[in-house]
Amino acid sequence: MHDLMGPFGDVLQRQLELASQNYARLKAKGVRAINVMGAIGSGKTELILRLAEKLRERGLRVGAIAGDVAGDDDYQRFRAAGLPALQINTGDQCHLDAHQVGHALENFPLGQVDVLFIENVGNLVCPADFPLGTDADLVVISVTEGDDMVRKHPKIFAQTDVVAINKVDLAAFVGVDPERIAADYRRVNPHGRVVFTAAKSGRGVEELLAALGF
Amino acid sequence: MHEYSLAQALLAGLQDHLRRNPVPGRVVKVHVRKGELLSLSEWALREAWRLLTEGTELAGSELVLENVPVRVRCPACGYAGEARRLTEEGWHIAVPILSCPRCGSPVEVLEGRDLAIVGLTVGEAPGT
């Protein structure tokens, strides 16, 4: 028996390289990109649509890439709102990765947008391990998921600097205290920013844009 | 949750390496560093490895996983070392906090997102 030591290549290093290529491609076209993560049904698509409305009022051009295991429902919603959009079907993969996003960027009319939202697959575990090459990451939690979402998925929150606690207008109906979610998040991420939103009514959307650096 | 795709990537990388750099015997152990920040089940990784290597030259090899604790660097005060961990009763997991343990500023991650083969244990060549 003998041991051969030495680096044989880090498989996630490759993802980081692809993410840097995506970032460079976006910067070359002057596009700011946001990776939007969150559980299924947390309101990611609706929130993106509201953010897009506000950004367009400011004269910025907005596009979106929808990532889903199957179907094009989110893509259709983006198109109906007049956004240049593209659908990625991951074919059962539970997250987007930099390779898939790279191909999407090749086919996306980047020259037509200033801001690009990339909506990840609904999942609070895997997307945290796969950087896409975006400028900012956002995790959306809805109060209807319960007030224990941060405690159940601490790693993604420890690594994400902006969190929207969405559907706060429903908090009383489901007996959830949004402040409890925010307090858990601040413990795992002392530098993060929390914004309370209700996408349907537009509450908190301006504050969320500010937290994302707009 | 993505153990199979990553085990496949590790396997493809290793097979490619072995084609270019043949080893004098059978690979019995594959040593892998796994970063603490990754959401990967060690059991599922080993099981994925067992299934994916079936019928390959790596069949029967054991994936030996070494957990890499999160190490951070603070641009504000220069601290470099292990991250602080939050352990709350009932969480059942120590969460690495990406904040400087010394001065509380935001930090850069130096280590803890790794997933890399760092070594092989090779048995004697057949017939020797």
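Predicted model: local features only at pLDDT ≥ 70, side-chain atom pairs only at ≥ 80, totals over all residues.
Helix α8 of chain A spans residues 178-188, and its buried residues are Pro178(A), Ile181(A), Ala182(A), Asp184(A), Tyr185(A) and Val188(A). These residues lie on the same side of α8(A), because they cover an arc of only 160 degrees around the axis. At the start of α8(A), a side-chain oxygen of Asp177(A) comes to within 3.0 Å of the backbone nitrogen of Glu179(A).

Because Asp184(A) and Arg187(A) are three residues apart in helix α8 of chain A, about one helical turn separates them. An α-helix has 3.6 residues a turn, so residues three or four places apart point the same way. Asp184(A) has a relative accessible area of 3% and is therefore buried, whereas Arg187(A), at 33%, is partly exposed.

In the loop between α6 (154-158) and β7 lies Gln159(A), which is buried, with a relative accessible area of 15%. A polar atom of the Gln159(A) side chain lies 3.3 Å from the backbone oxygen of Lys155(A). Leaving aside residues up to four places away in sequence, Gln159(A) touches Ala128(A) and Asn189(A), as well as Leu37(B), Leu98(B) and Arg113(B). The loop between β7 (162-166) and α7 (171-174) holds Leu170(A), which is partly exposed at 34% relative accessibility. Together with Phe173(A) and Val174(A), Leu170(A) forms a nonpolar surface patch, and the accessible area of the three is about 310 Å².

Over all chains, the count of salt bridges comes to 23. In chain B, the side chains of Glu36(B) and Arg85(B) form one of them, at 2.7 Å from N to O. This pair links distant parts of the chain, 49 residues apart: Glu36(B) is in the loop between β1 (27-35) and α2 (42-53), and Arg85(B) is in strand β5 (residues 84-86). Glu36(B) is buried at 11% relative accessibility, while Arg85(B) is partly exposed at 28%.

A further salt bridge joins Glu42(B) to Arg46(B), whose closest N and O atoms are 3.9 Å apart. Both residues lie in helix α2 of chain B, four residues apart, or about one turn of the helix. Glu42(B) is partly exposed at 28% relative accessibility, and Arg46(B) is partly exposed at 37%. Elsewhere, salt bridges with shared partners connect Glu46(A), Arg50(A), Glu53(A), Arg77(A) and Lys200(A) in one network.

Key:
Residues numbered from 1 in each chain as written. Chains lettered and ligands numbered in written order. Heavy atoms only, no water. Buried < 20%, exposed > 50% of the residue type's maximum accessible area, 1.4 Å probe, protein only. Helix = DSSP H or I, 4+ residues; strand = E, 2+ residues; numbered from the N terminus. Arc of directions from axis to C-beta. Polar contact = N/O pair within 3.5 Å; in protein donor to acceptor, adjacent residues only side chain to side chain. Patch = residues over 30% accessible without salt bridge, like charges linked within 9 Å, V, L, I, M, F, W, Y side chains within 5 Å. Areas by Shrake-Rupley, 256 points an atom, 1.4 Å probe, with all protein chains shown as cover. Salt bridge = Lys/Arg side-chain N within 4 Å of Asp/Glu carboxyl O. Contact = heavy atoms within 4.5 Å.
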